[in-house]
Amino acid sequence: MTADIQYKIKKETRLRAGHHFVYALLRALSVVVLITIAVFFLMRLVPGDPAVMVLGEHADEAEIQKLREQLMLNEPLSKQFAAFLGNIFLHFDTGDSIKYGVSSRDLVLQYAPVTLALVAYASVITVISAVILAFLAATHKDSLIDHAIRVIPAFTQGMPVFWIGLILISVFAVNLGWFPVGGVGSGMGGFWHSLTLPAVTIALGQIPSLVRSLREQLLEIMDADFVLTLRAAKIPESVIFRKHIFKNAFVPTLMLFSVNLSYMIGGTLIIERVFAVRGMGKLLFDAISNRDFPLVQAVTLYCAVFVVLISLITELIAAKADPRMRQKEKSFGNNAG
Amino acid sequence: MKPILEVKNLNVDLKLGKNISKIVRDSSFEVYPGECLGILGESGSGKSMTVKSILGLLDGHFTVSGEARFNGRDLLLEKGETLRRMRGKEISMVLQNPMTCFDPLFRIGDQIRETFRTHTELGRKEIYGRSIEILELMRIRNPEEVMRKYPHQLSGGMLQRVMIGIAVAMQPSLIIADEPTTAIDAITQKEILDEFIRIKGEYNTAMIFISHDLGAISRVADRIIVMNKGRVVDRGTFRQIVDEAKDPYTRLLIEKRKAVMGQYVRVLGNKEVEYA
């Protein structure tokens, strides 16, 4: 009979998890290589002589020559590029900072922890509140709670982040005195306490979009055929929710969050300025205003690598959670047979 | 003989804002043990809503009134847990699209096990053995391999077999199949239909078979009710429906079907063609 052909399992769709990991790693690596190239040409795209830009129009000719020497601007482009790549691959560095006179890498590594802590803190606040709000909105669909959850956060999304930051400072720091106005506190408790307002500010910008899409996801999954099947088979409602709905909503939420995270890092750099937190934001602003090219390159490169790393990790977690992500896309289709 | 399911004056209203639409109106029918009742009708005629309301699968926007006695107990009066306990073990359901009826994140074996775990006291090993039995019963060739598969790795026909297997596994007294062959390609449709006929013959389980396909329903159902715009407009055996339909809508359905069959007959050179 046709049964043999009909019901033969689609073997070609199988792809070992190891292969998937290798592909993801290669993709991430190629992105890093492209970013490295882009960062190199960043400096060459500036019109005019970078050395003049750094030292100013009226700088001494000898000074300018010295800086050109230091930045290797007198060498041919290929040689410059080779040196740049060599420096990155051997030392993970982009050269000494012009302003500080020390390795750009060391500066980044010195300023990064505060920023990372801030991003992590803001992520925790964002995810926890977004999940709770989206869950409330989805389970009370079209009720007052649902409308409130969807409309109110849009206000904070419409405002620039620094403005929200200033409002929070004036209310919670200046008037209520619950938090410091700015800076980073000492000791473990003081450190996290002082980061609370900036983290909340960043989170407020992220929560609305995350809540909206997560709510949609939840509603879609709660309405899915397999949930109806589980209900019809009398699987307890709590199991359906914890095991099936939650897990199905988890993957898309994670993907969305990882995309948002890259915007979040951009936002964090600005928010650090508002709250006078000495992190990567301060470093980047200093570097840009001083035309400190090697330092700008280092900050850009390290931020970019961080984002790539996050999306790589996300992809791997998603593949672990969702078997469909472990497959090559072309082997879908042919559903009916 | 007492009917296993007796539905009387079932009404389902959908309330959206200030609009109330009547989805099912005054429907009454009964299903006897070992019998297959076919519910025939176009999409939107209220067939699915009828069974979903009986099983309490509709959300708060719907109001259900009337009576649905299952073994003497009114299902519409049973609240949450009782109804839930009864479903799955005594009544099981097979839905239209097998491709979307399994949770994509879990292996087939896990999903079969979940049903066993909720309804029986069996241990892990016993459940595994029973699962294999079910798949073999549904004539799936390599059950062990299928158990390890994720839903997207199997074909629609295969998934529907597994689904029917799960529905039969609990030895329910009533199986409700809501358009179980609609989303499946033609060749597999026939095989899935055969599966239903076989189950009916072997287990003597009562069945409600919902379809818009006259051909499919004629092969499985002992009696048929025809639904149109939320009402039961015709009832009887397949022959009665074909030969002496009272309702103009039913006659239209039959006419169209006959016209299609007529074409077949002409093309195939007047050979005997049955309604299948």
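Axes are lines fitted to C-alpha atoms, for helices over the stretch in contact, and angles between N-to-C directions run from 0 to 180 degrees. The exercises below use this description on a predicted model.

**Exercise 1. Describe how helix 6 and helix 7 of chain A pack, and classify their angle.**

Step 1. Helix 6 of chain A covers residues 104–139 and helix 7 of chain A covers residues 144–158.

Step 2. Angles over 145 degrees count as roughly antiparallel, and 65 to 115 as roughly perpendicular.

Step 3. The crossing of helix 6 of chain A with helix 7 of chain A is left-handed.

Step 4. On the side of helix 6 of chain A, the contact is made by A:Leu133, A:Leu136 and A:Ala137. They meet A:Ile145, A:Asp146, A:Ile149 and A:Arg150 in helix 7 of chain A. By class, this contact has five nonpolar, no polar and two charged residues.

**Exercise 2. State the secondary structure of each chain, and decide whether chain A and chain B are compact or spread out by the globule rule.**

Step 1. Chain A has 13 helices and zero strands. For its 337 residues the globule rule gives 20 Å, and the radius of gyration of chain A is 25 Å, well over that value, so chain A is more spread out than a compact globule. Its C-alpha atoms fill a box of roughly 85 × 65 × 35 Å along the principal axes.

Step 2. Chain B has 10 helices and 10 strands. Its radius of gyration is 19 Å, close to the 19 Å of the globule rule for 276 residues, so chain B is as compact as a globular protein of that length. The box filled by the C-alpha atoms of chain B is roughly 55 × 55 × 40 Å, taken along the principal axes.

**Exercise 3. Work out the strand order of the four-stranded sheet of chain B and follow its pairings.**

Step 1. The sheet is open, its order is 2-1-4-5, and its pairing is antiparallel. Strand 2 (19–31) and strand 5 of chain B each have a single partner strand, so one side of each is left without a neighbour in the sheet.

Step 2. Strand 1 of chain B is joined to strand 2 of chain B by nine bridges. In this pair, B:Lys15 has B:Ile20 as its bridge partner.

Step 3. Strand 1 (residues 5–16) of chain B also pairs with strand 4 (residues 62–70) of chain B, over eight bridges. Here B:Leu5 is partnered by B:Phe70.

Step 4. Two bridges link strand 4 of chain B to strand 5 (residues 73–74) of chain B, and B:Arg69 stands opposite B:Asp74. The hairpin of these strands has two residues between them, and B:Asn71 takes a positive phi near 50 degrees.

**Exercise 4. Describe the six-stranded sheet of chain B and the helices that lie on it.**

Step 1. The order is 6-7-8-3-9-10, in an open sheet with mixed pairing. Strand 6 (91–94) and strand 10 (231–236) of chain B stand at the edges with a single partner strand each, so one side of each has no neighbour in the sheet. From one strand to the next, the twist averages 20 degrees.

Step 2. Strand 3 (residues 36–40) and strand 9 (residues 223–228) of chain B run parallel and are joined by four bridges. B:Gly38 stands opposite B:Ile224 in strand 9 of chain B.

Step 3. Helix 1 (residues 47–54) of chain B lies across strands 3, 7, 8 and 9 of chain B, at about 145 degrees to strand 8 of chain B. Helix 6 (residues 156–169) of chain B touches strand 6 and strand 7 of chain B, and its direction makes about 175 degrees with that of strand 6 of chain B.

**Exercise 5. Describe how helix 6 and helix 7 of chain B pack.**

Step 1. The axes of helix 6 of chain B and helix 7 (residues 186–203) of chain B are 10 Å apart, at an angle of about 15 degrees. That makes the two helices of chain B roughly parallel.

Step 2. Their crossing in chain B is right-handed.

Step 3. Residues of helix 6 of chain B in the contact include B:Ile164 and B:Val168, and those of helix 7 of chain B include B:Ile192 and B:Ile199. The contact has five nonpolar, four polar and three charged residues.

Notes. Residues are numbered from 1 along each chain as its sequence is written. Chains are lettered from A and ligands numbered from 1 in the order in which they are written. This is a predicted model: local features need pLDDT of at least 70, side-chain atom pairs count only at pLDDT 80 or more; totals for chains, interfaces and linings use all residues. Two strands pair if DSSP finds at least two bridges between them. Two residues are in contact if their C-beta atoms, placed from the backbone, lie within 7 Å. Angles under 35 degrees count as roughly parallel, over 145 as roughly antiparallel, 65 to 115 as roughly perpendicular and the rest as oblique. A crossing is left-handed if the near helix is turned anticlockwise from the far one by less than a right angle, and right-handed if clockwise. Ala, Val, Leu, Ile, Met, Phe, Trp, Tyr, Cys and Pro count as nonpolar, Asp, Glu, Lys and Arg as charged, and the others, Gly among them, as polar. The radius of gyration is taken over C-alpha atoms; the globule rule is 2.2 Å times the number of residues to the power 0.38.
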